[in-house]
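Trainee: I've got the model open on my screen. Can we go through it together, helices and sheet?

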Amino acid sequence: MEKLYLTIDHGNSVAKMSLRRDDTLIASASAERVTPEAVTDFVGGRRLAGIIMASVAGYDSTLAESLRPLADRVVELTPFTPVPIGIDYASRSTLGVDRIAAAVGAAALFPERDTVVVDAGTAITIDYLDASGTFRGGNIAPGLEMQLQALHRFTARLPLVAAPAAPQESPQLYGTDTPSAILSGCLLSMAGAVDYFRRHAAGGGSEMAVVLTGGNGHLLAPYLNHCNTVVEPHLVDNGLYRILRYNENI
């Protein structure tokens with residue numbers, strides 16, 4: 001019998017719900033925040049085998065309880081929830097659940113392979129998952145919109161530049177006017193950080209994979225044209241789904 005599973009990823013800027021029939025993604029939706037009414041409408045009254053919720057932005061503490069009648073199991077992801085990878089992080093209690101979920105998704109995408117996991121959202125996180133399937137840590141820096149806003153806010157004359165909706169066909173090394181100089185400078189700073197990390201984590205090497213996700217992952221991709229770089233928009237919710245199924249069997 002087929003089972004339905006719901007993942008809820010509440011980020012800093014947007015909340016995302018994804019519905020799966022066993023391993024197959026069948027629907028996804030985004031909203032400013034998740035409410036019981038939004039979940040009920042999204043699943044269309046169907047009974048769920050499981051729901052997993054992850055948030056870096058905070059949500060109504062009663063949400064999980066309100067969703068329990070909809071599913072056989074409801075999991076609220078925390079840094080200490082059992083997951084199918086190792087976690088080697090000194091302050092595990094402060095480790096973002098989005099970083100954990102992205103790493104789990106990357107482990108499924110590149111099993112037994114050193115991987116750089118990049119989530120380019122409000123902030124950009126650049127993490128290292130080693131070939132044994134252990135999260136080793138990483139870096140956190142301002143994301144694209146944060147950089148663009150900071151340049152405008154903390155200078156007298158630099159304009160506020162909007163992030164483009166689509167990536168450039170070829171990376172722009174330098175701008176030919178102030179707006180393009182700002183945009184290329186911000187994108188290159190992020191791409192440079194990722195590339196430096198890739199070349200130095202665990203000694204680098206041609207076999208190291210890079211997986212990009214987050215709202216601006218597709219904009220970074222042209223600047224990281226390594227043969228082992230992929231863009232996976234559903235990396236976090238794929239990881240959440242795998243964590244949910246893992247906890248089914250505990």
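Trainee: What covers the buried residues of helix H4 (residues 144-153)?
Mentor: First, this is a predicted model: local features need pLDDT of at least 70, side-chain atom pairs count only at pLDDT 80 or more, and totals for chains, interfaces and linings use all residues. Residues are numbered from 1 along each chain as its sequence is written, and side-chain values use heavy atoms, with hydrogens and water left out. Helices (H or I, at least four residues) and strands (E, at least two) are DSSP runs, numbered from the N terminus. Going by contact (heavy atoms within 4.5 Å), the cover includes strand S9 (134-142), helix H5 (178-200) and helix H6 (217-220).

Trainee: And which residues of H4 are buried?
Mentor: Buried means under 20% relative accessible area, exposed over 50%, partly exposed in between (1.4 Å probe, protein chains only). An α-helix has 3.6 residues a turn, so residues three or four places apart point the same way. In H4, the buried ones are Leu144, Gln147 and Leu148.

Trainee: How many of the 13 residues of H3 are buried?
Mentor: H3 covers residues 97-109. Its buried residues include Asp98 and Arg99, and among what covers them are strand S7 (115-120) and helix H7 (235-248). H3 is largely enclosed by the rest of the structure, because the buried count is 11 of the 13.

Trainee: In S4, which residue is the bridge partner of His10?
Mentor: Strand S1 (residues 4-10) and strand S4 (residues 50-55) run parallel, joined by six bridges; two strands pair if DSSP finds at least two bridges between them. The partner of His10 is Ser55.

Key. The expected span of a helix is 1.5 Å times one less than its number of residues.
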